[in-house]
Amino acid sequence: MFNLNDFPLPFRDTDLVPYMSADTVRIHHDKHLGTYIANLNKMIAGTKYANMDLREIIVNATNDSNAQKIFNNAAQVFNHEFFFNCLGRGNGDVPDILSDAFGGADKFIEQFKSVAADVFGSGWVWLIHDGKNFQIVATKNADTPIAHKQKPILTLDLWEHAYYLDWQNRRGEYVDAFLQFMIDWKFVLSNMEF
Ligand code: MN
């Protein structure tokens with residue numbers, strides 16, 4: 001059984017105002033993440049997934065054609081926990097390790113924005129490490145790098161529920177604000193200790 005209390009918000013709900021309102025943060029965390037957790041608990045009860053941790057559920061369900069809904073809910077729990085950990089009042093300074101990998105901080109930002117702009121419908125943008133290189137990739141719906149043996153470093157939620165109250169149709173401005181003001185680079189850097 002998973003419990004929302006085990007996935008506490010790692011910042012205050014007002015920390016990201018005006019880029020992300022307290023309402024957006026609370027509804028996103030308490031209601032959206034809360035519902036994915038409640039659904040997952042219902043679906044895994046009495047199945048072989050009941051005693052697995054979140055990553056085990058995701059990896060096993062991705063190859064199980066009868067477990068698509070379990071995959072979706074487990075992946076969304078993982079994705080949201082990771083996303084909330086990426087959020088914090090940022091200063092826009094891209095760490096040197098990423099500037100070096102992408103040929104400049106501006107190139108990193110440009111590529112992240114370009115991948116985000118190409119996401120059609122609901123999905124996520126990720127900075128991942130594939131074992132050799134950093135890459136910026138998108139996943140659709142609930143899909144997650146964990147299912148593709150990639151290591152997540154940073155993510156941005158591009159589902160409408162993540163930004164619509166604050167930005168309405170202006171998704172590109174939400175992406176810009178994320179990159180400039182809403183990334184906890186300390187957490188991101190902690191994911192690059194290989
Ligand atoms: Mn979301």
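1. Contact here means heavy atoms within 4.5 Å. Helices (H or I, at least four residues) and strands (E, at least two) are DSSP runs, numbered from the N terminus. Axes are lines fitted to C-alpha atoms, for helices over the stretch in contact, with angles from 0 to 180 degrees between N-to-C directions.

2. The model is predicted: local features need pLDDT of at least 70, side-chain atom pairs count only at pLDDT 80 or more, and totals for chains, interfaces and linings use all residues. Residues are numbered from 1 along each chain as its sequence is written, and side-chain values use heavy atoms, with hydrogens and water left out.

3. An open sheet is formed by three strands in the order S2-S1-S3, with antiparallel pairing (two strands pair if DSSP finds at least two bridges between them). Strand S2 (134-140) and strand S3 (151-157) are the edge strands, each pairing on one side only. From one strand to the next, the twist averages 25°.

4. Six bridges join strand S1 (residues 123-129) to S3 in the antiparallel sense. Trp124 has Asp157 in S3 as its bridge partner.

5. Helix H5 (residues 105-117) lies across S1, S2 and S3 and runs at about 15° to S2.

6. Asp157 (OD) also coordinates the manganese ion, together with His28 (NE2), His80 (NE2) and His161 (NE2), at 1.9 to 2.1 Å. Donors are N, O and S atoms within 2.8 Å of the metal (3.2 Å for Na, K and Ca); water is not among the atoms, so sites may look incomplete. The donor residues follow the sequence spacing H-x51-H-x76-D-x3-H. His28 lies in helix H1 (residues 22-44) and His80 in helix H3 (residues 68-86), so this pair ties together parts 52 residues apart in sequence.

7. Both His28 and His80 are buried (under 20% relative accessible area, where exposed is over 50% and partly exposed lies in between; 1.4 Å probe, protein chains only).
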